[in-house]
Amino acid sequence: EKKLASFKDGPAPPRQGRKLRSAQWFNNENNPGMTALYIERYLNYGMTREELMSGKPVIGIAQSGSDIAPCNRHHLELAKRVREGIRSAGGIAFEFPTHPIQESSRRPTACLDRNLAYLGLVEILYAYPLDGVVLLTGCDKTTPAALMAAATVNIPAICLNVGPMLNGYMKDELAGSGMVVWKGRELYAAGKINREEFIDYVSRGAPSVGHCNTMGTASTMNALAETLGMALPGSAAIPAPYRERGQCAYETGERIVEMVHADRKPSDIMTREAFENAIITNTAIGGSTNAPIHINAMAKHIGVELSLDDWDQLGFHFPLLLNMQPAGEFLAEEYFRAGGLPAIMAELLEAGKLRPRALTCNGKTVEENVRGQQSWNRKIIRPYNEPLMADAGFVHLRGTLFNSAIMKTCVISPAFRQKFLENPNDPNAFEGMVVVFDGPEDYHSRLDDPATPIDDTSILVMRGAGPLGYPGAAEVVNMHPPARLLRQGVNSLPCIGDGRQSGTSGSPSILNASPEAAAGGNLAILRDGDRIRVDLTKRQVDIFLAPEEIERRHAILHAHGGYSVPENQTPWQEIFRRETDQLSEGMVLRDAVKYQRVAQR
Ligand code: FES
Ligand code: MG
């Protein structure tokens, strides 16, 4: 048989002089026994020995979509086009599943799985015969988990976003995913809609396959993957069902094969300059408050120094250019049609604000990729000099309440600004009495209790919601006022907390506070009625309590066994709590960051 004859002739020589990593499995001259064993089982579904021993790049497709992960489920289709791209460029595709992370249904919170998916992917990328990998990303934590793993292992890697959903509508009004949840909850709490209407209202936020169509954490992280250079230019914003999405999948498959031949690795791309571009671009797009957590985690895993002070110092003074919910009005389809991320980066580049020479996955620099790109709709993507808002970045706060917390300034509404920040005697600062909630259950049970002392000058505090308190850190700091205040038109109060908040939230909360209450931070000793002062100019948040009183309360708390947190429900929750750092440190697994470039070890 012809097939058998060529089988006996042995494999074709490698295409390039350089032996690829997969040859350690499939072409190991020193250990034919192991090579035979490694090859054997891949033959059982129809791979041939010639293919496996050809020396062609073996490319992983890290499949993050499934029925249980609907945001990324369209990747089940897109992966076929990725495969075709890989094959047409002369590579061999191995698709494999990653641990699912579905933001909207994983209990207690999807962020608990970012580090778990990271660990799983590191082991796969390190331990199997892969020369490069296409990371299928989308829903919030799927992108950072994938990029953190690519950073640790450091084999050539490229992201393919699943793409945002089409625009949702309620009657004739845009209904952005996430946004409809917050708005629906307010309407429901105020008694303006019933339960059925509420569920129908929220469902408008999911009109097609794809991830959230607002600039929430999913759109943000995929935009920043592209900014970093880890995804093809122009790829992040393409809506999931558009034909360009499938075409992009094909091109991503082709590109990764070229990246393997060129040995272009994450460490060549994810440099300090690239991270600076990510911080600056995040301001221009009005990106999620989860971005600093995830971007700082990636930086730690690739060994680049990056801190929350960098976010404030490099990012705060940039303008908001993209008019997309929650900071603006529109959704992903307008964002894409107006030119997408390259049009926004071109504005920053022309203004001299990007690090132009940062290398990207296609072998070109950021400048080469985005120069000359333009906005097709100035209502959606604004010129650098006519932004939606100047100084639109995050502020990094510290003081006697915590060592670190951030606030997203571009979502401060005019009403909030006027009420809390435009005091001529004390501009950009406010004080108030706190009402303290121990986790989301406590908030929901006490919010509308008349005994809970909330008025329109209160500051709502959420604690017990950090990485240890609520394993993974809950997205609960954006709290709406009680129904009686909502009915009076008080739609928002200042919120502070040691948890996170959804990237789709338009609340200007002070969040990600570290150390959290469960790690011994001063949030733990706060009581209803204590006064707090927030000064955004000085980047300070302070408690009006004498140091002795703070000490005394800590001693009392300590005598009662410390700040109490719910018991672990699963083994991973216990391991996560033992090994994980605070939000200010990217919530990374402390012992994982010393493992760098493991494929080169
Ligand atoms: Fe998956 Fe928003 S819930 S992207
Ligand atoms: Mg979220």
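Predicted model: local features only at pLDDT ≥ 70, side-chain atom pairs only at ≥ 80, totals over all residues.

Residues are numbered from 1 along each chain as its sequence is written, and chains are lettered from A and ligands numbered from 1 in the order in which they are written.

The protein chain contains 23 helices and 14 strands, where helices (H or I, at least four residues) and strands (E, at least two) are DSSP runs numbered from the N terminus. Its radius of gyration is 25 Å, close to the 25 Å that the globule rule gives for 601 residues, so the chain is as compact as a globular protein of that length; the radius is taken over C-alpha atoms, and the rule is 2.2 Å times the number of residues to the power 0.38. Along the principal axes, the C-alpha trace spans about 85 × 55 × 50 Å. Of the contacts between residues at least 6 apart in sequence, 78% join residues at least 24 apart, a contact being a pair whose C-beta atoms, placed from the backbone, lie within 7 Å.

Consider next how two pairs of helices pack. The axes of α6 and helix α7 (residues 142–153) come within 8 Å and cross at roughly 40°; axes here are lines fitted to C-alpha atoms, for helices over the stretch in contact, and angles run from 0 to 180 degrees between N-to-C directions. That angle makes α6 oblique to α7, given that angles under 35 degrees count as roughly parallel, over 145 as roughly antiparallel, 65 to 115 as roughly perpendicular and the rest as oblique. Residues of α6, including R114, Y118 and L125, meet residues of α7, among them P144, M148 and V153. By class, the contact of α6 with α7 has twelve nonpolar, one polar and one charged residues, with Ala, Val, Leu, Ile, Met, Phe, Trp, Tyr, Cys and Pro counted as nonpolar, Asp, Glu, Lys and Arg as charged, and the others, Gly among them, as polar.

Helix α13 (residues 272–285) packs against helix α15 (residues 308–315) at an angle of about 60°, with their axes 9 Å apart, and the two, α13 and α15, are therefore oblique to each other. In this pair, E276, I279, I280, N282 and T283 in α13 meet D310, W311, L314 and G315 in α15. The residues of this contact of α13 with α15 divide into four nonpolar, three polar and two charged.

The loops hold some backbone features to inspect. A cis peptide bond with omega of about -5° joins R107 and P108, and P108 is found in the loop between β2 (92–97) and α6 (114–127). Another cis peptide bond, with omega of about -5°, joins S514 and P515, where P515 lies in the loop between β12 (510–514) and β13 (531–535).

D391 has a positive phi of about 45° although it is not a glycine, and this residue, D391, lies in the loop between α18 (366–370) and β7 (394–397). With 14 C-beta neighbours inside 10 Å, D391 counts as partly exposed. A473, also not a glycine, has a positive phi of about 75° and is placed in the loop between β10 (459–463) and α21 (483–487); with 30 C-beta neighbours inside 10 Å, A473 counts as buried.

Technical notes: Contact = placed C-beta atoms within 7 Å. Buried ≥ 20, exposed ≤ 12 C-beta atoms within 10 Å, placed from the backbone.
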